[in-house]
Amino acid sequence: MRALTVRPLEADTLELCELPDPEPAAGDLLVEAVAVGVCGTDKEIVRGDYGWAPPGQDRLVLGHESLGRVRRAPAGSGFAEGDLVVGVVRRPDPVPCGACARGQFDMCRNGRYTERGIKEIHGFASDLWTVESDYAVKLDRTLGDVGVLMEPTSVVAKAWDQVDKVGNRAWFEPRTALVTGAGPIGLLAALIGVQRGLDVHVLDRVTEGPKPGLVADLGATYHADPMDEVFSKLCPDVVIEATGVGSVVFGAMANTNAYGVLCLTGVSAAGRPVKVDAGSLNRDIVLQNDVVVGSVNANLDHYRAAAQALAAADRDWLARLITRRVPVGRFPEAFAAGPDDVKVVLSFDRSGS
Ligand SMILES: [Zn+2]
């Protein structure tokens, strides 16, 4: 089978190689790949900035945003041939820590978790892959290839779960939500906000391309005005931050409504200082009972919530998030940025590549 691999921590080692077909262990599903999504983490790995091969190996099969069809499932697994499935990315650490022992591997405390396509386990960018049936999640069959949005949706479902958990420490009836950044994470966060009946606003810089229309067609409001104007006008109850830009993070922190919840999901580089009035910021957070919470990854509950959010979403709208589908045989194109990219996916359609 074909597999897209890299030698982690070395630049320009991305290669489509031939590997032996995988043999499912007892309890595993054998899955034919439909597509894998390409995200910032994949690009970091391809640049040689991140990633770990499995112990004793020098190459890592890339791909953590999976989508496939079950070719073979063990009896009693709850899966059947033809089911549309995704594989969960993270596995608990071997110790395990208290969080991993309770199925909360997204909250791992010791950092010894592993991740498919990222950290010490092969990913899903191969014609065939296997997955433990306990770490496979079934999708509504009518989703088709937009099911590849499942992993980013699980990350967003976790972010909303964090907002709920933090908000519900006292009376909480949020009305206005602001999402900063209209990439896949931001747009999917806006989708879930709209599904919850909130008045959703999305802030990004671009005024052209697909993003403004995607936001409008959700029934949300798109903003490309200066950040401070948007923040002070909206005074949101909830902010989902998906840019990782320091000035946006601190701008959001200072401008939530009373009892505001700011959930940070964007990963930023170190070494970009911003000037902050720490006294004013502290005063604002204390006097308003505000919370700033970071959120990354997702556990099985979040994957199930994401499957529901996608099943309830408009199929055509979801399909428009996938702005490029690149056959895996032409993989370099998927790692080169296009001007109007939202989500780029590698397609494993045997006839098209
Ligand atoms: Zn752990």
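Here are some friendly questions and answers about the predicted model above.

Me: What should I know about the numbering and the model before we start?
Reply: Residues are numbered from 1 along each chain as its sequence is written, and side-chain values use heavy atoms, leaving out hydrogens and water. This is a predicted model, where local features need pLDDT of at least 70 and side-chain atom pairs count only at pLDDT 80 or more, while totals for chains, interfaces and linings use all residues.

Me: Which residues coordinate the zinc ion?
Reply: Donors are N, O and S atoms within 2.8 Å of the metal (3.2 Å for Na, K and Ca); water is not among the atoms, so sites may look incomplete. Here the donor atoms lie at 1.9 to 2.4 Å, and they belong to Asp93 (OD), Cys97 (SG), Cys100 (SG) and Cys108 (SG).

Me: What geometry does the site of the zinc ion have?
Reply: Four donors count as tetrahedral if all angles lie between 85 and 135 degrees; four count as square planar and six as octahedral if opposite donors are over 155 degrees apart and all others between 65 and 115, and anything else is irregular. The ideal angle for four tetrahedral donors is 109.5 degrees. With angles of 98 to 121° among its 4 donor atoms, the zinc site is tetrahedral.

Me: How many residues apart in sequence are the parts that Asp93 and Cys108 tie together?
Reply: The donors follow the spacing D-x3-C-x2-C-x7-C along the chain. Asp93 sits in the loop between strand E7 (90-91) and helix H2 (98-101), and Cys108 in the loop between H2 and strand E8 (114-116), so the pair links parts whose separation in sequence is 15 residues. Helices (H or I, at least four residues) and strands (E, at least two) are DSSP runs, numbered from the N terminus.

Me: Are Asp93 and Cys108 buried or exposed?
Reply: Buried means under 20% relative accessible area, exposed over 50%, and partly exposed in between (1.4 Å probe, protein chains only). Asp93 has 3% relative accessibility. Cys108 has 14%, so Cys108 too is buried.

Me: Where is the cis peptide bond with omega of about -20°?
Reply: Look at the loop between E7 and H2, where Pro96 lies. The cis bond joins Val95 and Pro96.

Me: Which residue in E2 stands opposite Arg2?
Reply: An open sheet of 3 strands has the order E2-E1-E4, with antiparallel pairing. Strand E2 (15-18) and strand E4 (60-61) each have a single partner strand, so one side of each lacks a neighbour in the sheet. Strand E1 (residues 2-6) and E2 pair over 4 bridges, and the residue opposite Arg2 is Glu18.

Me: What is the phi of Asp12, in the loop between E1 and E2?
Reply: Leu9, in that loop, has a positive phi of about 65° although it is not a glycine, and Leu9 is exposed at 52% relative accessibility. Asp12 is exposed, with a relative accessible area of 75%. Phi of Asp12 is positive too, near 55°.

Definitions and conventions: Two strands pair if DSSP finds at least two bridges between them.
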